[in-house]
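Student: Could you walk me through how strand pairing, burial and helix length are read from a set of coordinates?

Tutor: Let us take them in turn, with the structure in view.

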Amino acid sequence: MRPTAIRRTAVAATVISLALLTAACGADGDDKDNGKAGGTASAQPSDKGADQPAAKVLTEAELEKVSLAQGDVKAHKISKAGPADAVSGKDVTADKAACDVFADVLMGAKAGTPAASTQRKVVSEPKKGADQDTADPEEAFKAAFDITTTLTTLTSYEGKGAEETLASLRTAATDCASGFTLTAAGEKQKIVRIAEEKVKGGEDAVAWTVTVEAEGEKSAMKLVEVRQGATVASFTALNLAASGAGGDFDLPTAVVDAQVAKLA
């Protein structure tokens with residue numbers, strides 16, 4: 001493998017450890033002390049009429065029942081995030097206040113003050129033998145490490161909290177599209193670009209490709225947000241092979257679709 005690919009793989013591993021392994025925020029994590037994700041910015045009008053009942057706010061036990069479980073997504077391994085994975089939103093900061101809420105969610109922390117939350121790690125399985133289909137060492141490496149890891153978080157909110165959370169993320173993504181620097185668990189990470197992608201699901205959905213740079217090497221992350229009633233499903237994903245090669249990868253649509261189906 002060429003030195004550049006090795007360096008990019010190291011960068012990818014750093015990003016994974018920050019965003020998908022050590023920055024998970026479980027249901028028992030500390031609440032944020034802030035207005036970082038106040039959920040009041042430019043909320044889009046709800047389709048619900050004022051005389052219609054509010055969406056049911058799911059408890060932690062109810063969120064557990066609709067969270068992804070092993071077998072829900074073909075060729076993926078699913079596990080529950082544990083206490084060792086948790087990091088508080090207090091430990092995630094951005095050098096631009098307008099970017100705080102986006103940094104929080106990208107790192108897997110809770111946005112705003114949810115009533116309850118759960119979290120899962122979903123890891124795709126590489127195609128067996130794919131690394132043996134080419135004589136090119138770098139291509140073989142990419143095939144062997146074509147693994148997408150997705151941190152999946154469900155949060156339920158009182159009132160219009162779910163709608164306001166997506167609205168605040170949209171505002172932050174627009175304001176911070178040209179980049180910012182975040183610090184998670186004491187480690188800095190430079191975000192150089194946020195680009196919106198098309199996605200469908202639930203009552204409202206939005207997705208972004210987030211370009212991260214470390215030691216001069218760039219890699220991509222995906223962030224998908226889907227609202228169903230008073231619940232927001234958040235998906236932070238990274239593909240090790242794509243990051244190692246400095247390339248892009250697809251949204252984790254199989255994971256998103258399976259989770260949205262359980263919420264419907």
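Student: Which residue stands opposite Thr152 in β4?

Tutor: In this predicted model, the residue standing opposite Thr152 of β4 is Arg120.

Student: How many bridges join β4 to β9, and how do the two strands run?

Tutor: There are 9 bridges between β4 and β9, and these strands also run antiparallel; within that pairing, Leu151 stands opposite Thr236 of β9.

Student: Why is β4 said to be largely enclosed by the rest of the structure?

Tutor: A residue is called buried when its relative accessible area is under 20%. Because 9 of the 9 residues of β4, residues 148–156, are buried, the strand is largely enclosed by the rest of the structure. Thr148, Thr150, Thr152, Leu154 and Ser156 point one way, while Thr149, Leu151, Thr153 and Thr155 point the other way, and all of them are buried.

Student: What span should helix α5 have, and how far apart are its end C-alpha atoms?

Tutor: With 15 residues, 161–175, at 1.5 Å a residue, α5 should span 21 Å, and its end C-alpha atoms are 21 Å apart, so the two values agree.

Student: How many residues of α5 are buried, and what covers them?

Tutor: The helix is mostly covered, with 11 of its 15 residues buried, among them Gly161, Leu166, Leu169 and Arg170. The elements covering the buried residues of α5 include α3 (100–106), β6 (187–197), β7 (204–214), β8 (217–228) and β9 (231–239).

Technical notes:
Residues are numbered from 1 along each chain as its sequence is written. This is a predicted model: local features need pLDDT of at least 70, side-chain atom pairs count only at pLDDT 80 or more; totals for chains, interfaces and linings use all residues. Side-chain values use heavy atoms; hydrogens and water are left out. Helices (H or I, at least four residues) and strands (E, at least two) are DSSP runs, numbered from the N terminus. The expected span of a helix is 1.5 Å times one less than its number of residues. Buried means under 20% relative accessible area, exposed over 50%, partly exposed in between (1.4 Å probe, protein chains only). Contact means heavy atoms within 4.5 Å. Two strands pair if DSSP finds at least two bridges between them.
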